[in-house]
Amino acid sequence: MDAPTPFSLTDRRILVTGATSGLGHAIALACARMGAEVIGAGRDEERLQRTLKELEQVSSRPHRMVRTDLTQAADRDALVASLGAPVHGVVHSAGISRLSPVRMLTQQHLQEVQAINVDAPMLLTQSLLKRNLVAPDGSIVFIASIAAHIGVAGVAAYSGTKAALIAMMRCLAMEVVKRRIRANCLSPALVETPLLDATATMVGSMEDERKNYPLGFGKPEDVANAAVFLLSDASRWITGTTIVMDGGLTIS
Ligand SMILES: NC(=O)c1ccc[n+]([C@@H]2O[C@H](COP(=O)([O-])OP(=O)(O)OC[C@H]3O[C@@H](n4cnc5c(N)ncnc54)[C@H](OP(=O)(O)O)[C@@H]3O)[C@@H](O)[C@H]2O)c1
């Protein structure tokens, strides 16, 4: 018999937003592989169905995918109402990146990025906590970004949302610690996902940027492994912190 591992998610229910693509998709599959039942959220019906099939190939746990526009209060309420029982972990991976130098910023740009990158994860968390739908000893993980820690031209609005997420996560961690619920952020630098492809289309090529990464760009699995760690008992003494994962980009 295999020795028990503190990284196991066996018998845990994990809610993953943005589970239809990129990091959220990799995190959903990694959680299922570690034994969890996954409730995934996204908007695109075809990707929701494809992800559900992939989850069902991993295990026979009662995985579900829920069609949800997380910027809409009614959709968030419906997602929360559909849970039926507490979750042991939440990963907020849904998010968007929009590029614009500050001198070209519009109010609409700021509001769009804020709505999905900050308001949605915080209001979803609020709704879960208000209904006691995060189990004691649960773990809440937000996907922030290296953009919250360093200055990069053209990403001010996005960087601001990720810095807000980190600041709010710390306060949340203080509020829920009495129930031994933990809250943490992951701050990845560039990871090869559709979001990066979209950025490459906007800026031309990412090849010059790749040279700044001693370990190369990240893979979705790299972030998924860190999310499994933060969701599992292996990290039970860690709360209110942010793990920077950047392939060596910011060593110096
Ligand atoms: N990739 C990177 O290099 C990188 C680096 C640092 C941080 N991040 C962060 O990591 C997170 C995931 O990024 P990614 O690279 O995985 O992006 P992605 O491949 O573009 O996936 C984004 C996900 O967010 C969902 N989503 C977007 N808007 C939504 C909305 N209004 N309601 C519900 N779901 C919504 C999408 O669902 P549908 O497609 O079904 O609509 C999709 O599942 C983001 O928060 C991003 O800021 C990414």
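This is a predicted model: local features need pLDDT of at least 70, side-chain atom pairs count only at pLDDT 80 or more; totals for chains, interfaces and linings use all residues.
At what angle do helix H1 (residues 22-33) and helix H8 (residues 220-231) pack?

**First stop: H1 and H8**

Select residues 22-33, which form helix H1, together with residues 220-231, which form helix H8. The two helices pack at an angle of about 55°, and their axes lie 8 Å apart. The handedness of the crossing between H1 and H8 is right-handed.

Next, display the side chains at the contact. On the H1 side, select Gly22, Leu23, Ala26, Ile27, Ala30 and Cys31. On the H8 side, these residues meet Pro220, Glu221, Val223, Ala224, Asn225, Ala227, Val228 and Leu231. Colouring the contact of H1 with H8 by residue class will show 11 nonpolar residues, two polar and one charged.

**Second stop: H3 and H4**

Now select residues 73-81 for helix H3 and residues 107-130 for helix H4. Here the packing angle is about 40°, with the axes 10 Å apart. H3 is therefore oblique to H4. A right-handed crossing carries H3 past H4.

To view the contact itself, select Arg76, Asp77 and Val80 in H3, then Leu123, Leu124, Ser127 and Leu128 in H4. By class, the residues of the contact of H3 with H4 comprise four nonpolar, one polar and two charged.

Technical notes
Residues are numbered from 1 along each chain as its sequence is written. Axes are lines fitted to C-alpha atoms, for helices over the stretch in contact, and angles run from 0 to 180 degrees between N-to-C directions. Helices (H or I, at least four residues) and strands (E, at least two) are DSSP runs, numbered from the N terminus. A crossing is left-handed if the near helix is turned anticlockwise from the far one by less than a right angle, and right-handed if clockwise. Two residues are in contact if their C-beta atoms, placed from the backbone, lie within 7 Å. Ala, Val, Leu, Ile, Met, Phe, Trp, Tyr, Cys and Pro count as nonpolar, Asp, Glu, Lys and Arg as charged, and the others, Gly among them, as polar. Angles under 35 degrees count as roughly parallel, over 145 as roughly antiparallel, 65 to 115 as roughly perpendicular and the rest as oblique.
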